[in-house]
Amino acid sequence: MPQRLVLFDIDGTLLMTAGAGRRAITTALRDHVSDPAAFERIRFDGKTDPQIMRELLEAGGHPQCGDGVLIAGLCRSYVTLLEAELQQPRTRIRLMPGVPAILDRLESESEIVLGLLTGNMAEGAALKLKASGIDPSRFRVGAYGSDSGHRPDLPAIASKRAHPHFGREPRGTEVVIIGDTPADMTCGLGIEARAIGVATGSYRCEDLTAAGAYAAFPDLSDTERVVEAILG
C-alpha cells in the first residue's frame, strides 16, 4: 500500500505562466470594478482563485465583493479567458528547475501517490499543466480552489480523495505538501501534514522554514535530497 501522498502546488512550484493567470483574472473583472488600478496592490501567490477574486472586487470597490454566486461566475469566465491567454505568443510557460526529474522519480516509487494541492480552479490547473507539457493525469489526487476558497480546507479534501489509494484517509507525515509560499507551509496543519518549501516563487528558503517547513530547497533540482525529505 502507498505510504505517502505527495501534493504539489502549481504556480511558482511546478511552473510559471508569464503572467497569463493575472491577465486573465483581471480581464474577467474589467467590467465589474471602477478602479482596476487597485488590482496592482493585491498579491496572488498562496491564495485560491475565489479568494483572489474576492480581494480584487473589494480593492476595486465592488459593493458585492462577498457574493459567492458572483465570484463563482467570475471564476468560470476567468478559466475561459485563461485558456485563450495560454495560447498567446507572449505566454511562455516555464517549468521550474528539477520538475520533470522529481515527478519521474516520485512516480517510480510504488509507495508514493502524486497529487495536486492548488488554489487554481480544477479546470485552470489542467490548462496550465497541459500548456507546460505535463499530463494532468499523472496526479491521481487533487484539491483545488474550485473545491473551497479557503486554502486550509484543501489538505483534508485531498486526504479524503486519497482513500481509494490508501484504504484510509492519510494523515500526518503520510501527507507531504510541496509549495513556494508560507500559505503552502501552514495549510496542512489541520491534518498535521509535512510541508516542504521550494524557493522558486517570491519567498526565500528562510521564509518558508520560518513558516514551518520540514525542509526547504532553492529549487527541486536536487532530486534525491527532495525525495529523502519526502520519505524521511
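Guide: Here it is; the model is predicted. Start with Cys65: its sulfur lies 14 Å from the closest cysteine sulfur, that of Cys75, which is too far for a bond.

Visitor: What about Cys187, where is the nearest cysteine sulfur?
Guide: That sulfur belongs to Cys205 and is 18 Å away. Cys187 is in no disulfide.

Visitor: What cut-off are you using, and how many disulfides does it give?
Guide: The two sulfur atoms must be within 2.5 Å. By that rule the count is zero.

Visitor: Back to Cys187. Buried or exposed?
Guide: Cys187 counts as buried because its relative accessibility is 3%, and the cut-off for buried is under 20%.

Visitor: New topic: strand β1. How many of its residues are buried?
Guide: Five of the five, residues 4-8, so β1 is largely enclosed by the rest of the structure.

Visitor: Which way do the residues of β1 point?
Guide: Arg4, Val6 and Phe8 point one way. Leu5 and Leu7 point the other way. Both sets are buried, Arg4 included.

Visitor: Which strand does β1 pair with over five bridges?
Guide: That is β4, residues 112-117, and the pairing is parallel. Arg4 has Ile112 of β4 as its bridge partner.

Visitor: And over four bridges?
Guide: β6, residues 175-179, also in the parallel sense.

Visitor: Which residue of β6 stands opposite Phe8?
Guide: Ile178.

Technical notes: Residues numbered from 1 in each chain as written. Predicted model: local features only at pLDDT ≥ 70, side-chain atom pairs only at ≥ 80, totals over all residues. Heavy atoms only, no water. Buried < 20%, exposed > 50% of the residue type's maximum accessible area, 1.4 Å probe, protein only. Helix = DSSP H or I, 4+ residues; strand = E, 2+ residues; numbered from the N terminus. Pairing = 2+ DSSP bridges.
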